[in-house]
Amino acid sequence: MRRTNDLTVIEVSPSLHATTMGQHQTHHWNNLPHHIIVRILSYLDHRDRHAAAVTCKRWAECFANPSLWELDASFWFYHGQHAGDQLNGFPQYAKHLKSITIYFDKKEYLTTNVKNVCKLLTVLSQMESLKLEKFAICADYRFLYGRNKGNSLAQARATKCWELMHRFLANPCLDGGLREVDFSGLPVANSNSLVNLLANMHSNIHHINLQNDNLSRVVSRQDVVNLVHKCRKLVSLEILDDWVTPALLTALADDDRAPLQHLSLVVRGMRKRATGSGWEHLTRRLPHLKVSVTFISIFPLQGMPLSWVLSQEIPLVNLNVSLIASDSYISQSLRFLSSTYQGTLEDIAILLPPDRHDSLLRFLRHCHKLKVLCCANLNEQVKRTIHELYPSLEIQENPGLRLDMGPNR
């Protein structure tokens, strides 16, 4: 069997074809073995799988085969009304899923997209058996969009989405089986209840993403500290910089917990970074810790240099920053980065003004561990120079900042 652009082709071997012709038999689709039907369905998206399953009883049985749903199921609610067709048959196979990822646009088709998310959450909250290990709800504009600005119907559905998320996480059939949650795309947050639910009912969780502007208004620093205290098996934590305190760093450095491997911080405002014993103790306790930092603001802001915001003790591996400033400010900032993080920095996404890349080339000479450079406005001459000097360096181009940086992202 092979996949073409428009259809799946089943290739019959010459010997089987000859035998069939010799016996004057006709082989119909409904006589195919179950494992072949399951394999065919695996090439289709959710909507087409359901359309195929309603053709006959045998295909419906294969549609419910657990092996068809063991991998990640992703739902893309981006195109309004028809995006909901992806949920056809969802109640039939939801109990087999180990991973669910929801992507939706909070800016376009907001009312319909949140309605589809609510439909999915309604099913999950009512299930009596679930195998889920990962649940993620992601959205564009999770920081830049800010507060939910839809009409009253959109706001009501966003509130309903919050209530259903609460019921889903409180569903006893999850039985502490969740290992990864991503709340970066939640359309609304009315309280700190979700964070408390994670702490009290899902303490075995390994990966948590709370980088959501809505959560910043209802989740306190102490809530995050309590979450870390309860979830002793965390290996990856993605949070807002506002929640980083000495108490949090101390909790992450406890001896009787799994060593944290990745800490991702999103910096929305400007405040001088807390330095000193908290980060020093954490890095001594976790020598292999990798830290990612994404700045939403553009530097310089309020005349504050980059060195005032980034702690020198942070084991910085991934950095996402915009430097729209004078040549002297850019040179100063890149000198600070190269001198402070040359032994750790592996991935940088940087936005610079056009034709101001001399400082960037000097920066690259010192950062010998750098593997990925993401930078807009690179002219062809600069690209050729970088390729000649650093042939193993991966160069990416994008017009804005990335919000998904970090190991294995």
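In which loop does L87 lie? L87 is placed in the loop between β3 and α5 (90–93), where helices (H or I, at least four residues) and strands (E, at least two) are DSSP runs numbered from the N terminus. The model is predicted, so local features need pLDDT of at least 70 and side-chain atom pairs count only at pLDDT 80 or more, while totals for chains, interfaces and linings use all residues. Residues are numbered from 1 along each chain as its sequence is written, and side-chain values use heavy atoms, with hydrogens and water left out.

L87 counts as buried at 10% relative accessibility; buried means under 20% relative accessible area, exposed over 50%, and partly exposed in between (1.4 Å probe, protein chains only). Not counting residues up to four places away in sequence, L87 touches F75, F77, N116, K119 and L120, a contact being heavy atoms within 4.5 Å. L87 and L120 are 33 residues apart in sequence, yet their C-alpha atoms are 7.2 Å apart in space.

Beyond four places in sequence, F135 touches several residues, among them I100, I102, L120, L121, L124 and M165. In soluble globular proteins, nonpolar side chains tend to be buried together.

**Aromatic pairs**

A search of the whole structure finds six aromatic pairs. Rings of Phe, Tyr and Trp (its six-membered ring) pair if their centres lie within 6.5 Å; planes under 30 degrees apart count as stacked, over 60 as edge-to-face and the rest as tilted. Two of the pairs are tabulated here.

| Pair | Centre distance | Plane angle | Class |
|---|---|---|---|
| W76 and Y103 | 4.1 Å | 15 degrees | stacked |
| F336 and Y341 | 5.9 Å | 85 degrees | edge-to-face |

W76 lies in strand β3 (residues 72–77) and Y103 in strand β4 (residues 99–104), so their pair ties together parts 27 residues apart in sequence. W76 is partly exposed at 46%, as is Y103 at 26%. F336, at 11%, is buried, and Y341 is buried at 1%. Ring pairs also link F75, F77, F90 and Y93 into a cluster.

**A positive phi**

D175 is in the loop between α7 (152–170) and β6 (180–182). Its phi is near 50 degrees, a positive value in a residue other than glycine. Most residues other than glycine have a negative phi. D175 counts as exposed, at 67% relative accessibility.
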